[in-house]
Amino acid sequence: MREAPAAPVQCYFEEVEVNVLLVTPGITLTRAHVALFAGVTGEPASDPDLVPSLLPLSLSSGLGWRVPRPPLAVLAFMGFEWRFLLPVRVGDTIHSESRTLTKRSLREGGVVIEERKIVNQREETVQSGKLTLLVARRPAA
Amino acid sequence: MLSYRSVDARGPVFFEDLAVGQEFTSPGRTVTEADIVIFAGLSGDYNVLHTDAEHMKSSIFGERIAHGLLGLSIEQGLASRGEPTAAHGQLHALKWKFKGPIKIGDTVHVRSRIAGKKDGPDARLGLVTVERELVNQLGEVVQEGETEHAVERRPG
């Protein structure tokens, strides 16, 4: 008989805590990251050691899975505002720091506004902004 | 800072060459399952939205969808093929909305318009604001927003 896989362990809307700082592990940026990302975007790299602006942000969404809290039960990424403050280069090691600013309940889930910054090995904030996420409610048992 | 001379075969395009109201349309690109798999591997974002076809059959989307940031990354790549290079200079800031899903097999293109110009963080640079829409094969705007780019001023 076919068996359904386990439901993923997730952090549902009810469990999101406001104003708790989450710090991810770091990741060292390599030429391989830059080349793979250039392949995905189709935008040629003008300098193989310059990290494309959107790559650290993309990596931060995966780093966000590697914190003590289970991954957010995101139903949809609704939007974000972001600032690119300093260049990121191959060899830099970045991590992400985030906290939930507000949460607002809706019928189908809830809207979570998260503040996030990306920090390099010199403790400089290289990118920062606010993300708006639609997060699922815990399903009825 | 990006030097446009090195990447734009059409020659340098400076802040002064860009005018508010200029509009651009990019080529199209079909988003494939491979794009989503590679982006999941690269970013480490393995949310079931993007990786579990069976789970997604019972979701409102009915199937896996592309990561929002994959759509935006593809948008920036398409824009680099549809706009003068200077209009796509070093990103300074952006505001972005994900309005609808991008599904495997969808073909998207970019519509953009220069919405504003202002002084940059130093005398060598100007800031250009570009309004952008990522449009699918049905004409639906699936993502939209504004990007702000630092663009070199003409030297001398």
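This is a predicted model: local features need pLDDT of at least 70, side-chain atom pairs count only at pLDDT 80 or more; totals for chains, interfaces and linings use all residues.
A:Phe80 stands opposite B:Trp96, a residue of strand β3 of chain B.

**The contact between the chains**
- Chain A brings 28 residues to the contact and chain B brings 29.
- On the chain B side, the elements that give two or more residues are the helices α1 (4–7), α2 (33–43) and α5 (68–80), together with the strand β3 (90–98).
- Sorted by class, that side of chain B holds 14 nonpolar, ten polar and five charged residues.

**Chain A as a whole**
- Chain A has six strands and two helices, and from the N terminus their order is β-β-α-α-β-β-β-β.
- Its C-alpha trace spans about 50 × 45 × 25 Å along the principal axes.
- Of the 141 residues in chain A, 33% are buried.
- Among contacts in chain A with a separation of 6 or more, 73% join residues 24 or more positions apart.

**A loop residue in chain B**
- If you move to the loop between β5 (125–135) and β6 (141–152) of chain B, you will find B:Gln137.
- B:Gln137 counts as exposed because it has 12 C-beta neighbours inside 10 Å.
- Setting aside neighbours within four places in sequence, B:Gln137 is in contact with B:Asp106 and B:Thr107.
- B:Ser80 is 57 residues from B:Gln137 in sequence, and their C-alpha atoms are 20 Å apart in space.

Notes:
Residues are numbered from 1 along each chain as its sequence is written. Chains are lettered from A and ligands numbered from 1 in the order in which they are written. Two residues are in contact if their C-beta atoms, placed from the backbone, lie within 7 Å. Helices (H or I, at least four residues) and strands (E, at least two) are DSSP runs, numbered from the N terminus. Ala, Val, Leu, Ile, Met, Phe, Trp, Tyr, Cys and Pro count as nonpolar, Asp, Glu, Lys and Arg as charged, and the others, Gly among them, as polar. Two strands pair if DSSP finds at least two bridges between them. A residue is buried if 20 or more other C-beta atoms lie within 10 Å of its own, exposed if 12 or fewer, and partly exposed in between; C-beta atoms are placed from the backbone.
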